[in-house]
Structures are given as C-alpha cells and as structure tokens.
Amino acid sequence: MNLELSEEQEAVRRLARDFVEREVAPRATAWDRAEEVDRGIVKKLGGVGFLGLTIDEEYGGSGGDHLAYCLVTEELGRGDSSVRGIVSVSLGLVAKTIAAWGSEEQKRAWLPGLTSGEQVGCFGLTEPGTGSDAGNLTTRAVRDGDGYVVNGTKMFITNGTWADVVLLFARATDAPGHKGVSAFLVPADTPGLTRRAVHGKLGLRGQATAELVLEDVRVPASAMLGEEGRGFSVAMSALAKGRMSVAAGCVGIAQAALDVAVRYAGEREQFGKVIARHQLVQELISDIAVDVDAARLLTWRVADLIDRGRPFAVESSKAKLFASEAAVRAANNALQVFGGYGYIDEYPAGKLLRDARVMTLYEGTSQIQKLVIGRALTGVSAF
Ligand code: FAD
C-alpha cells in the first residue's frame with residue numbers, strides 16, 4: 001500500500017491551498033455574517049478547474065482522479081464549508097451524475113456550463129415530509145403528451161436560489177420498478193418553479209439553501225435523466241459518491257480545527273506559561289489530530305476504490321459517518337482550546353463547529369449511514 005501522493009496530486013493540493021488562502025479564507029467570516037457567499041466565487045472555482053474534476057475534457061471538465069477531487073474538497077472545506085458545498089453539489093451531485101447517467105445530448109447541454117462555473121446545479125431530493133425516507137417522496141410527474149407536468153415541494157436544497165438547473169426527483173406515474181421515482185433535469189427558470197431562501201441556519205450560512213415549489217411545471221420527456229422509474233438508483237448512486245465528498249469536506253474542517261488550536265495554544269498564556277504547556281490542552285489537540293488522520297485515511301480509501309473501479313458505497317458511508325462525527329468533535333475541542341474567545345466569531349472555532357454540525361445530517365444522517373453499514377454486514381435491512 002502506497003499512501004504517498006503523486007506529484008500531480010501534490011500539485012492539485014497546492015493549487016487548491018493557494019486558491020483558498022487567496023480567494024476564500026480571507027472572506028469566510030464576512031460571508032458567514034452576511035449569510036451570503038460572493039457569487040463571483042463560482043466562476044473562479046470553474047476557472048481553476050475545480051468544478052470539472054473527474055469530468056472528461058470533451059465536456060469541459062478538467063479530468064483528474066477522485067483522490068484529486070478529495071484533496072481539493074478538503075482544502076475548500078478547510079477554508080469555508082459553504083464554498084466547499086457549492087462544489088460538492090454542483091459538481092459532485094449534479095455534473096458527475098449527468099456524466100454517469102446522461103445522454104450525449106444532456107451531457108453536451110449541461111456539462112460545459114456546470115464545469116466552467118457559468119452555471120450552477122442543485123440536487124432536489126428532500127421534501128418537507130420525506131427526508132431520510134427519500135424513496136417515499138411525493139412530488140409527482142404526470143405524463144402529458146410528449147412531456148410531464150410536475151407538482152411538489154423540495155426542502156433544504158443547497159445552491160437552490162442560485163441554481164440554473166435542478167436535478168429533480170419525482171414520482172412518474174405508472175412507471176415500473178423502484179417505486180416509480182424518476183430523475184429530471186429542469187432549468188430553474190421554467191415557469192411554475194419558485195424558490196424561497198431558507199434563513200436562520202446554524203451553520204453554512206453563506207450557502208444559498210432554498211425551498212423549491214413546483215406548480216404545474218412542464219418538462220419535456222427529453223429532460224429525464226436515466227430511464228423512467230430508475231430515478232431512485234440515480235439518486236443513490238449520486239449520494240454514494242457524494243458522501244465521500246462530504247467526508248473530504250469534514251477532513252478539511254477537522255484540519256482547520258487542528259491548525260487554529262495549535263496556533264492559539266502556542267500564543268495564549270495562562271498560569272505563567274503558554275497553554276500548549278498544559279497537558280490537558282495537549283490532550284485536546286492530540287484528540288483532534290487523531291480524528292483528522294483517521295477521517296482522512298477512510299476518505300482516501302473511498303477515492304482509491306472508486307478510481308480502481310471497485311465497490312465503494314458502504315466504505316463511503318463509513319467515511320461519511322466517521323468524518324462528520326470527527327469534524328464536530330474536532331471543532332468542539334478546538335473551541336475548548338480557545339476558551340471564551342472560541343465562543344465569539346472574531347475567532348474561527350465557533351464557525352467550524354457550526355459548519356461541521358450539518359455534516360452529520362445531510363446526504364443521510366449518521367443513523368442512516370449506520371443502517372447502510374449494518375445492512376451490508378448482516379444482510380438484513382433495518383430501515
Ligand atoms: P428526518 O428524516 O425526519 O430525521 C429525523 C431524525 O430521525 C434523524 O435523527 C434521523 O437520523 C432519524 N431517523 C429517520 N429515519 C430513521 C430510521 N429508519 N432509523 C433511525 N433513525 C431514523 N437535501 C437535498 O435533497 N438536496 C440538498 O442539496 C440538501 N442540502 C441540505 C442542506 C442543509 C443545510 C440541510 C440542513 C439539509 C439539506 N438537505 C438536502 C436535506 C437533508 O439531506 C435532510 O435534512 C436529511 O436527509 C434528513 O432528513 P430530515 O431533515 O427530513 O430528517
């Protein structure tokens with residue numbers, strides 16, 4: 001086993017680190033306070049190729065393997081989880097899913113815009129009444145002539161107010177198999193589709209989270225991604241890879257928690273010495289460091305499995321489960337190192353904790369990841 005990065009992967013990581021230090025980190029606190037990331041960041045992300053990783057160059061992608069994608073995601077997560085989420089969704093859940101399931105026409109229609117950052121994608125699965133139990137979604141797509149008429153509501157949709165295209169999951173009537181869920185690529189300006197920003201989030205405040213309401217939205221049959229009735233497989237395959245991306249973002253948060261805790265512990269003095277000299281402070285820091293390494297190794301293993309064409313979905317759930325819980329622990333430990341200053345947003349630990357917390361909730365809660373892992377081990381579904 002070789003855990004060294006190749007020269008190319010090291011170069012991608014350096015590029016991401018420089019980008020984050022220049023374009024993201026200096027603005028992250030202001031975006032968090034303003035509850036909005038500067039939209040110009042999307043084109044910049046596209047310009048350096050971060051929205052096209054793993055996508056073929058003929059569709060405007062920048063190629064690269066999944067480990068490179070993890071390295072970039074980690075660095076973005078280290079700088080600002082709201083920015084990381086733009087990439088995890090627009091590239092990770094939408095563009096990569098179009099690349100995997102789309103027709104030639106769909107790939108040519110959407111991938112160049114998404115990979116360049118000219119356009120943004122969002123992933124519309126969750127509804128007000130169906131979160132973890134996504135297979136029971138109630139948004140309906142009723143066949144009408146050569147298209148469908150869609151009605152329903154989607155909740156908590158990342159990039160929702162910014163998106164140009166919605167990868168939408170709806171129950172197509174009379175479709176066989178997989179409970180009849182189908183996937184559609186719906187331009188966000190289609191008449192009948194309205195979006196409302198979700199405000200007051202604990203973390204990821206810079207992110208454009210939205211509720212989408214669809215009232216008699218007409219979509220042509222050519223907008224269907226994959227076959228009719230295969231939409232749930234489309235969604236689950238997207239989330240299996242997406243969980244690796246969330247895990248990589250969590251590694252970034254935990255790494256940031258380690259960096260700021262070590263720095264602060266070396267500067268702050270109490271009882272006549274820097275707090276790094278107190279053994280219990282070192283315990284907090286070493287706990288963070290072990291979480292960073294363990295989360296990173298689990299995440300890299302998923303990338304390696306994907307790049308070698310091996311099954312990876314259960315390993316992705318393990319990485320997401322561990323890394324998300326680790327990021328919360330790491331950020332909380334970092335906050336403790338900062339003492340009272342950790343509790344105010346002039347210092348970085350509080351934002352790391354707020355941004356980490358959602359990671360145990362979306363793309364399958366920690367409980368749902370445990371059910372995925374438990375089903376694989378026992379052969380019994382406990383959902
Ligand atoms: P529920 O499913 O109601 O769960 C409530 C509790 O019950 C949880 O603790 C859960 O673990 C537990 N639970 C549920 N079922 C079981 C079970 N069988 N066994 C044990 N425990 C169970 N969705 C999208 O489609 N696209 C997005 O871009 C997106 N972005 C998001 C961004 C943010 C900031 C947030 C907060 C959410 C986002 N989501 C998105 C939705 C997210 O995926 C859901 O919130 C998540 O799947 C949980 O669903 P729920 O909130 O309805 O909780």
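Is the crossing of helix 9 and helix 11 left-handed or right-handed? The crossing of these two helices is left-handed, a word used when the near helix is turned anticlockwise from the far one by less than a right angle, whereas right-handed is used if it is turned clockwise. The model shown is predicted, and local features need pLDDT of at least 70, side-chain atom pairs count only at pLDDT 80 or more, and totals for chains, interfaces and linings use all residues. Residues are numbered from 1 along each chain as its sequence is written.

**View 1. Helix 9 packs with helix 11.** Helix 9 (residues 313-338) and helix 11 have axes 9 Å apart and an angle of about 145° between them, where axes are lines fitted to C-alpha atoms, for helices over the stretch in contact, and angles run from 0 to 180 degrees between N-to-C directions. Helices (H or I, at least four residues) and strands (E, at least two) are DSSP runs, numbered from the N terminus. Helix 9 contributes V314, S317, K318, K320, L321, S324 and E325 to the contact, and helix 11 contributes S366, Q369, K370, V372, I373 and A376; two residues are in contact if their C-beta atoms, placed from the backbone, lie within 7 Å. The residues of this contact divide into 5 nonpolar, 4 polar and 4 charged, with Ala, Val, Leu, Ile, Met, Phe, Trp, Tyr, Cys and Pro counted as nonpolar, Asp, Glu, Lys and Arg as charged, and the others, Gly among them, as polar.

**View 2. Helix 4 passes helix 7 in a right-handed crossing.** Helix 4 (residues 66-79) and helix 7 (residues 231-267) pack at an angle of about 45°, and their axes are 7 Å apart. Among the residues that make the contact are C70 and L76 of helix 4, together with A248 and I253 of helix 7. In this contact 8 residues are nonpolar, 6 are polar and 3 are charged.

**View 3. D307 lies in helix 8 (residues 279-307).** D307 is partly exposed, because 15 other C-beta atoms lie within 10 Å, and the cut-offs are 20 or more for buried, 12 or fewer for exposed, and in between for partly exposed, with C-beta atoms placed from the backbone. Leaving aside its neighbours within four places in sequence, D307 is in contact with D65, H66 and L67.

**View 4. A shell of 23 residues surrounds the ligand.** The closest are L125, T126, G131, S132 and T365. Strand 1 (121-124), strand 3 (147-157) and helix 11 (366-378) each supply at least two residues of this shell, which divides into 13 nonpolar, 8 polar and 2 charged residues.

Definitions and conventions:
A residue is near a molecule or strand if its C-beta atom, placed from the backbone, lies within 6 Å of it.
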